[in-house]
Amino acid sequence: MDFLNELFSAGVWGDKTPSPPKWNKWIHRNLSDNHCPECLMLDGCWFLKEKTPKWPHHSFCHCVLKDIPYNEALTLSSCKCPY
């Protein structure tokens, strides 16, 4: 069951309010001359926290993960990731 259905169910049945899913944004930082093709494809992609690819992705990985508020993920997300 997704978060919105759980939230509706909690309001109707008085269950405990569920916590919203957590999202991450993959950010590739350009700190060397060599660039991993996979990390370049992941750059800017948003993932559910439990479905985020392994991070760090490889040895000497300079990428970072940024937390995305659920409200932003709900209203601004789209499916464009080349990965």
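Tutor: Let's begin with L74, which is partly exposed because its relative accessible area is 45%, where buried means under 20%, exposed over 50% and partly exposed in between, with a 1.4 Å probe and protein chains only. This is a predicted model, in which local features need pLDDT of at least 70 and side-chain atom pairs count only at pLDDT 80 or more, whereas totals for chains, interfaces and linings use all residues. Residues are numbered from 1 along each chain as its sequence is written, and side-chain values use heavy atoms, with hydrogens and water left out.

Student: Where is L74 found?

Tutor: L74 is in helix α3, residues 70–76, helices being DSSP runs of H or I with at least four residues and strands runs of E with at least two, numbered from the N terminus.

Student: OK, and E72, buried or exposed, or in between?

Tutor: E72, which also lies in helix α3, is partly exposed, since its relative accessible area is 29%.

Student: What is E72 in contact with, leaving aside its neighbours within four places in sequence?

Tutor: E72 is in contact with W46 and S77, contact meaning heavy atoms within 4.5 Å.

Student: Switching to H57, what does its side chain reach?

Tutor: The H57 side chain reaches the backbone oxygen of K54 at 3.2 Å, and a polar contact of 2.8 Å joins it to the side chain of E38; a polar contact is a pair of N or O atoms within 3.5 Å, where within protein one must be able to donate a hydrogen and the other to accept it, and residues adjacent in sequence count only if both atoms are side-chain atoms.
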